[in-house]
Amino acid sequence: MTEADRAAVWLERLIAELGGRAAGLWRIEGDALRLVAFLGADDLAKEVREGFEAATAVVGLTREELSIVRAVREGRVVVARAAELPPEVGSGYWLRAFGAERSVAVPVGDGVLSVALPAGSNRYGDEVVAERIRAARVGIGRCPDRLPE
């Protein structure tokens with residue numbers, strides 16, 4: 001199983017457990033992030049999915065309008081909220097396209113993993129989502145049945 005396959009299993013589980021709209025994993029390569037795996041919710045429009053994959057296949061680390069870049073550059077969890085961001089660019093644009101209210105981007109190892117969550121997804125606060133993401137990334141190599149509680 002490739003890293004992308006293992007990541008896809010975890011992204012699918014994160015989306016299911018957290019009620020997410022989309023999730024992705026990027027690896028740092030030089031001065032850019034390279035997309036390893038991306039999954040959208042079952043009802044996410046094909047055009048949105050394909051557009052996002054194309055737009056984020058390789059992302060320069062100067063793209064501060066994207067929360068995944070800020071998470072890597074700042075070395076911390078970055079929560080992006082659609083209502084606080086411009087609708088025409090970056091994370092604000094993609095959150096709206098996904099039908100999401102917020103995303104949580106977490107630096108993990110040599111990359112970043114992010115999950116976009118819909119409005120009303122307050123079952124888990126931002127820090128709990130960040131912990132679930134960290135747990136998922138740790139498990140990508142072994143793929144247990146459930147995320148750690």
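Let's start with R27, which is buried at a relative accessible area of 16%; here buried means under 20% relative accessible area, exposed over 50% and partly exposed in between, using a 1.4 Å probe and protein chains only. The model is predicted, so local features need pLDDT of at least 70 and side-chain atom pairs count only at pLDDT 80 or more, while totals for chains, interfaces and linings use all residues. Residues are numbered from 1 along each chain as its sequence is written, and side-chain values use heavy atoms, with hydrogens and water left out.

R27 has a charged partner: it forms a salt bridge with E3, with the closest N and O atoms 1.9 Å apart. A salt bridge here is a side-chain nitrogen of Lys or Arg within 4 Å of a carboxyl oxygen of Asp or Glu. Because R27 lies in strand β1 (residues 22–29) and E3 in helix α1 (residues 3–18), the pair ties together parts that are 24 residues apart in sequence. Helices (H or I, at least four residues) and strands (E, at least two) are DSSP runs, numbered from the N terminus. E3 itself is partly exposed, at 23% relative accessibility.

Next, take a look at R21 and D43, which form a salt bridge with their closest N and O atoms 2.6 Å apart. This pair links distant parts of the chain, 22 residues apart: R21 sits in the loop between α1 and β1, and D43 in the loop between β2 (32–40) and α2 (46–56). R21 is buried at 15%, whereas D43 is exposed at 59% relative accessibility.

Further along, R134 and E127 meet in a salt bridge at 3.3 Å, N to O. R134 is partly exposed at 29%, and E127 is partly exposed at 48%. Finally, R81, E101, R102 and D126 are linked in a network of salt bridges. The count for the model comes to 16 salt bridges.
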